[in-house]
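Please keep the sequence and the structure in view while reading.

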Amino acid sequence: MIVRILSGTADPDAARALAGLLHQLPGAEPGPALPDSTLLLDTLARAAEAGIDELPEVVIVHDGITPMPALELIREVALRFPAVGVVLLTADPSPAVLSAAMDSGARGVIGLPLSYDELGARVEAAAAWAGGVRRHLSPQRALPAVAGGTLVAVAGAKGGVGTTVTAIQLALAAHAAGRSTALVDLDLQGGDIASYLDVQFRRSMADLADIADISSRVLHDAMYVHESGPALLLAPGEGERGEDVTDRSVRLVLHALRQRYEVVVVDCGTQLTTANAVAVETADTALLVTTPDVVAVRAAKRMVRMWDRLQIRKPQDTTTVVNRYTRGTEIQPSLVARITGTRVAASVVPAAFKELQSVIDAGRLHDLDNRSTVKQGLWALAAELGLAVGGHALPKAARRGRRGLRDDRGQVILETLGMTPIILITLILVWQAVLAGYTFTLAGHAADEAARAAAVGQDASAAGMRDLPEAWRGSAGIVTGKDGGTVTVTVNLKVPVLFPGAIDFPLTVHGHASTVDEEAKR
């Protein structure tokens with residue numbers, strides 16, 4: 001586990017030597033050396049105001065510190081901050097000095113010049129003593145035991161398919177349903193849960209790697225209770241520390257978590273390691289997140305086959321979640337099921353990145369709006385998996401998502417039925433306008449033909465009627481006149497209603513044409 005160390009010394013040489021060795025100690029987090037006792041006490045007082053957890057575990061006091069003598073400073077720290085282990089750094093580690101330091105409240109004495117082994121042993125002993133005092137001062141921190149929690153492992157077919165977002169929303173849905181929930185980041189080299197939830201943390205999964213007996217208190221010390229509710233066990237901030245986490249330590253941690261939380265959601269990332277392989281193997285439900293595109297589905301198929309070859313999990317025991325789904329995509333969930341050989345969750349997550357962008361950029365994925373279709377899809381998935389058994393605790397939008405899209409489809413049907421009369425009336429009016437325009441065209445053409453026939457002495461009525469459709473002939477009227485060497489023709493046609501020849505519209509269209517009287521010239 002990480003041990004925070006605060007030192008006080010007025011000697012620059014001693015401060016440099018101490019800092020150099022402290023940085024070499026495994027799990028040590030040394031702060032800057034403070035030059036006087038007043039500044040040291042002020043720093044501890046400010047940390048204590050924020051809570052006992054903000055105090056350093058170990059304080060190292062050099063015997064040359066001023067203005068308060070070192071032994072008086074040790075006594076003051078021990079009285080005011082009993083949860084801090086104090087160690088005296090002196091050039092005279094004699095029995096008399098050791099006795100005086102112990103009487104003042106020190107937990108050990110370190111001699112100068114510094115020795116790596118001695119420094120490490122004293123710091124470790126003081127930190128263990130401080131941890132024990134803190135546990136006794138905070139008995140309420142122990143986690144209650146449960147009958148046996150549900151473990152859900154969430155893995156990604158490849159990077160960028162939404163594995164971490166899925167894991168976080170499943171944990172939030174389970175907590176909203178009133179179930180104690182833990183969210184574990186086993187993507188040990190590239191875990192992003194802390195970034196998505198805006199968490200600043202000191203302890204991580206790597207701090208539990210070397211602990212053989214993981215008690216409730218030890219587990220609680222390594223976890224971070226987020227403001228949204230779930231307890232977080234995060235990946236180490238330094239990716240190389242992920243190599244310290246073995247399959248044995250993961251198995252112990254997950255077993256301890258299942259004894260303390262009703263739901264444990266594990267983000268396994270997209271790379272298979274011995275650590276997250278344990279989570280996939282022991283999980284009650286293993287989810288494989290993919291997107292409906294060729295590359296991601298092929299990656300999901302490779303992952304499923306690899307799990308099967310390594311005897312981690314069989315395809316039929318794996319549930320595939322389709323993320324960024326659209327109805328227009330060529331790869332549908334049924335095809336994903338046939339390709340991967342897995343069961344595909346009925347709840348699909350729609351493609352709506354714009355809903356996520358603002359909360360992801362702000363590092364507050366837990367503030368995602370309840371109306372978000374992405375959140376509704378993921379919370380519906382949680383209900384499908386049985387994580388959100390207390391459905392009444394879910395937001396209204398999420399409860400609608402649990403019922404699928406039936407309510408939406410019903411609303412669309414009702415709205416369509418209500419619009420049907422308006423649509424039909426609109427179509428009738430458009431069609432009637434088309435018939436009226438066509439009648440104008442027929443009347444003009446018939447008038448032209450009748451005028452040309454009358455100009456050469458032929459039957460104008462027969463010529464005008466010749467090209468008229470049958471439905472318009474019954475209402476047609478042709479009037480011919482001659483005046484001063486000019487032939488004029490007027491064709492009168494009635495506009496039909498809806499269907500030509502059925503009902504005449506009370507509107508008559510007039511077509512006019514005139515031409516030179518060729519017969520009069522002769």
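Pro 67 lies in the loop that runs between strand 3 (58–62) and helix 3 (70–80). The model examined here is a predicted one. What kind of peptide bond joins Thr 66 and Pro 67? The bond is cis, and its omega angle is about -5°. A cis peptide bond also leads from Leu 112 to Pro 113, where omega is near 0°. Pro 113 belongs to the loop between strand 5 and helix 5 (116–137).

**The chain as a whole**

The chain has 522 residues, of which 47% count as buried. Its secondary structure comprises 19 helices and 16 strands. Among the contacts in the chain with a separation of 6 or more, 72% are made by residues 24 or more positions apart. The chain exposes about 25,200 Å² of surface, and carbon and sulfur atoms supply 54% of that area.

**A glycine between a helix and a strand**

Gly 105 occupies the loop between helix 4 (95–104) and strand 5 (108–111). Is this glycine buried, partly exposed or exposed? Gly 105 has a relative accessible area of 22% and is therefore partly exposed, since the buried class is limited to values under 20%. When neighbours within four places in sequence are left aside, Gly 105 is in contact with Ile 74 and Ala 78. Another relation concerns Val 86: this residue and Gly 105 are 19 residues apart in sequence, and their C-alpha atoms are 7.4 Å apart in space.

**Two residues with positive phi**

Gln 311 is not a glycine, although its phi is positive, at about 55°. Arg 324, likewise a residue other than glycine, has a positive phi near 55°. Gln 311 is placed in the loop between helix 11 (294–309) and strand 12 (318–322), whereas Arg 324 is found in the loop between strand 12 and helix 12 (333–340). With a relative accessible area of 70%, Gln 311 is exposed. Arg 324 counts as partly exposed because its relative accessibility is 41%.

**Two patches on the surface**

Which residues gather in a patch of negative charge on the surface? The patch consists of Asp 210, Glu 238, Glu 240, Glu 243 and Asp 244. One of these residues, Glu 240, is located in the loop between strand 9 (231–233) and helix 9 (247–258). Glu 240 has 55% relative accessibility and so counts as exposed, the limit for that class being a value over 50%.

Met 419 is part of helix 16, which spans residues 406–455. Its relative accessibility is 43%, so Met 419 counts as partly exposed.

**Summary of accessibility**

The table below gathers the accessibility values discussed above.

| Residue | Relative accessibility | Class |
|---|---|---|
| Gly 105 | 22% | partly exposed |
| Glu 240 | 55% | exposed |
| Gln 311 | 70% | exposed |
| Arg 324 | 41% | partly exposed |
| Met 419 | 43% | partly exposed |

How values were computed: Residues are numbered from 1 along each chain as its sequence is written. This is a predicted model: local features need pLDDT of at least 70, side-chain atom pairs count only at pLDDT 80 or more; totals for chains, interfaces and linings use all residues. Side-chain values use heavy atoms; hydrogens and water are left out. Patches are made of residues with over 30% relative accessible area and no salt bridge: like charges are joined within 9 Å, nonpolar side chains (Val, Leu, Ile, Met, Phe, Trp, Tyr) within 5 Å. Accessible areas come from the Shrake-Rupley method with a 1.4 Å probe; for residues, only the protein chains shown count as cover. A salt bridge is a side-chain nitrogen of Lys or Arg within 4 Å of a carboxyl oxygen of Asp or Glu. Lys and Arg count as positive and Asp and Glu as negative; His and the chain ends are not counted. The place of a charge is taken as NZ of Lys, CZ of Arg, CG of Asp or CD of Glu. Helices (H or I, at least four residues) and strands (E, at least two) are DSSP runs, numbered from the N terminus. Buried means under 20% relative accessible area, exposed over 50%, partly exposed in between (1.4 Å probe, protein chains only). Contact means heavy atoms within 4.5 Å.
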